[in-house]
Amino acid sequence: MTVNNKSFEPACPLPISGKHTVQLAHGGGGRLMQELIQDVFLRAFHNPMLAPLHDGATWPIEKGTLAFTTDSYVVRPLFFPGGDIGSLAVNGTINDLAMCGAKPLYLSAGFILEEGLSLDIVQRVVNSMAEAARAAGVPIVTGDTKVVDRGKGDGIFINTAGVGLVPTGVRVLPSLIQPGDAILVSGDLGSHGVAVLSVREGLRFDGNVESDSAPVHHIVADLIDSGIEIHCLRDLTRGGLASVLNELAAAAKLGMVVEESAIPVSEPVRGACELLGLDPLYVANEGRFVAMVPMQQAEATLAVMRRHEASRHAAHMGVVTDRDPSMVVLRTVVGTHRVLDLLSGEQLPRIC
Amino acid sequence: MKYVDEFRDRAVATALAERIKKTIRRPWTIMEVCGGQTHAIVRFGLDSLLPKNLTLVHGPGCPVCVTSVSLIDQAVCIASLPKVIFCSFGDMLRVPGSRGDLFGVKSAGGDVRIIYSPLDALELARKTPDREVVCFAVGFETTAPAWAMAVTQAKQSGMRNFSLLIAHVLVPPAMEAILSSPQNRIQGFLAAGHVCTVMGYEEYEAIAQRYRVPIVVTGFEPLDVLEGVAMLVGQLEEGRVEVENQYARSVSREGNKQAKTIVDEVFEPAARAWRGIGEIPASGLRLKSAYNAYDAELKFQRELAQLAEGKEDPECRSGLVLQGLLKPPDCPAFGTRCTPEQPLGAPMVSSEGACAAYYRYRSHATLEYRCEGQVNDRQ
């Protein structure tokens, strides 16, 4: 057909093969959705529990305690130095299970895709999830996909839920934190937040900051196997170290004193934070956690942590006290003390 | 980190604090002009190292804080227009005007973006020729050269979709306004190091002599502030009135000539209303007439004409705080009806605002703390 001597293609809603971008029909239950499930999801995630393509995964359980958690991932941009939304969605939920002292068993993955998104991008994200799940040894055993109209999403949103098994005798809870406990941090802070900000805003920093996104369940398992009496664990995601310590101090009704000079922050992250007026203690991490353990086990805990790449720079940075309940006090680099409070709203980059 | 760690050294800080204690004999009240210095003082607890008879007063040196409600209202009005991409430094987004803040505009669908440099905004205008890119040009003498650069580049390339809503303020007129107030109790100034990096400090010599106040140009790291205080206390005790330069690694007497030249090329002094203080003659900048095409107030004259006069929240005492007449915790609304989540005034919002500094670092009773020494040093 030609109109004005130009070739004309009908723009009516005929079935479109949609080989290159996400179509609404990819979530509609028809042929396109089956193609997406077979060609993209199953090919990447394949495992025996997923194979039956049932409405859910089933497995027998032994006696014991289960841990169950969920988290949604909406990071922008989808790809950033050191990771992407896919690996983040796997590692984040695995880490939430690990913070309960659990051995992660299985994950679910729910996708909300935006119409018009390149299928290559979907493929890259899914491959990255599959790779992260394989590396962590935690299979994705059930899933779901929905497609929303163009402009109603931000490319891809992912929800993952996870189930884990807490070993007999292990209890990891804020209420178990004791006065005199050592506060340890598993590595240097702020890399994830700075890495994401740098690509989002097109900023360049010396030293190429990469996200610290990583699973930490094997570190926790090693701590438990090594006989460390863990009182509490918490991953340092949104709000960073300062927010987490405040939450834990409030939950435990105890005080915490933290030595600023003992908190590990890499040089490029410090530089970027100084430049932007951000405080690394409030910047997000995706592969870091704090541990509260009895003071006499502090050194042993550090030794176990430092055996693992993701916690090679673990440090002893503070102590739990029964003074000033619910308050976190920072001993500054110049030797004075101040309250380390919760942040109000988002950290805003400063003006000059 | 190089150029940072050496200015945060604990032993040197203690030694400087000792020097101040040995020098001081009488009570003195001094003002740190810049909000960056206020934050260093509160963040590092430097005031707890200083003798009790030295009173530090926080000055008006936060450009976000002193931007008038009317200007915020203008920004909100322009940012709400469908064809506009409104660019601002992050601090300004949460500052309340009388018709809400820029975050409100963003959540209502306005295109409001955080920028880090004026040249980023220029690039954005280049990439979006069918949109009007309007920038909230806020700052002291420090940021003026970058805005001037952006405007000259826009003019050279004949761009028509780029303009500035100017809220620029100048430091010396504000210092003079404080000194000539009958309520003034400031006996010496720590001048703002970054501003002087651009402008130099020749201007301050006349102010020092006219009002008989010693001035020390001071940096922003803990040791800078402590050394600045030590130099200022030294002058006060010896009865000297001079402009001294603590921040010599960055500041020269004549400042940055290139930066000053481009500012003079593009801007001229103009009266400016300061939030909570009122209008101060020749205390702001405006574009010279050759650059009128880049003035958002002129470009959006028709839309702005419909705006009612902006009113500050009557409960907010930020004017007194900015003049050093009230400490933030002494304000009846502090931490109760005024918090960073629900601010009555800008000093509770800005990263350099005195109220925010107190709220963030001092929202609890003053701490008398001795560390138990159980914490290891960095491994």
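In this predicted model, 21 residues of domain 1 of chain A are in contact with 23 residues of domain 2 of chain A. According to the domain assignment, domain 1 of chain A covers 24–166 and domain 2 of chain A covers 174–339, and the C-alpha centres of these two domains lie 28 Å apart.

**The side of domain 1 that touches domain 2 in chain A**

- Helix H2 (85–99) and strand S6 (103–114) of chain A each supply at least two residues of the side of domain 1 of chain A that touches domain 2 of chain A.
- The largest share of that side of domain 1 of chain A, 10 residues, comes from H2(A).
- By residue class, the side of domain 1 of chain A that touches domain 2 of chain A divides into 11 nonpolar, 7 polar and 3 charged residues.

**Chain A overall**

- Chain A contains 8 helices and 15 strands, and its C-alpha atoms fill a box of roughly 80 × 60 × 30 Å, taken along the principal axes.
- Of the 352 residues in chain A, 49% are buried.
- When contacts in chain A between residues at least 6 apart in sequence are considered, 84% join residues at least 24 apart.

**Glu114 in strand S6 of chain A**

- Glu114(A) lies in strand S6 of chain A, and it counts as partly exposed because 18 other C-beta atoms lie within 10 Å, whereas a buried residue would need 20 or more.
- Once its neighbours within four places in sequence are left aside, Glu114(A) is in contact with Val22(A), Val148(A), Arg150(A), Lys152(A), Gly153(A), Asp154(A) and Gly155(A).
- Glu114(A) and Ile183(A) are 69 residues apart along the chain, and their C-alpha atoms are separated by 43 Å.

- Strand S11 (residues 255–259) of chain A runs parallel to S14(A) and is joined to it by 4 bridges, with Val329(A) in S14(A) as the bridge partner of Val257(A).
- Strand S15 (residues 337–339) of chain A, by contrast, runs antiparallel to S14(A) and is joined to it by 3 bridges, and here Arg331(A) stands opposite His337(A) in S15(A).
- S14(A) and S15(A) form a hairpin with 5 residues between them, and Gly335(A) in the turn has a positive phi of about 95°.

**An open sheet in chain B**

- An open sheet of 5 strands in chain B has the order S2-S1-S7-S8-S9, with parallel pairing.
- Its edge strands are strand S2 (54–61) and strand S9 (243–245) of chain B, each of which pairs on one side only.
- Neighbouring strands of this sheet are turned by 25° against each other on average, with direction ignored.
- Strand S1 (residues 28–34) of chain B pairs with S2(B) in the parallel sense over 6 bridges, and within this part of the sheet Met31(B) stands opposite Val57(B) in S2(B).
- Helix H2 (residues 35–43) of chain B lies across S1, S2, strand S7 (188–192) and strand S8 (215–218) of chain B, and this helix runs at about 120° to S1(B).

How values were computed:
Residues are numbered from 1 along each chain as its sequence is written. Chains are lettered from A and ligands numbered from 1 in the order in which they are written. This is a predicted model: local features need pLDDT of at least 70, side-chain atom pairs count only at pLDDT 80 or more; totals for chains, interfaces and linings use all residues. A residue is buried if 20 or more other C-beta atoms lie within 10 Å of its own, exposed if 12 or fewer, and partly exposed in between; C-beta atoms are placed from the backbone. Two residues are in contact if their C-beta atoms, placed from the backbone, lie within 7 Å. Domain bounds come from an automatic or database domain assignment. Ala, Val, Leu, Ile, Met, Phe, Trp, Tyr, Cys and Pro count as nonpolar, Asp, Glu, Lys and Arg as charged, and the others, Gly among them, as polar. Two strands pair if DSSP finds at least two bridges between them. Axes are lines fitted to C-alpha atoms, for helices over the stretch in contact, and angles run from 0 to 180 degrees between N-to-C directions.
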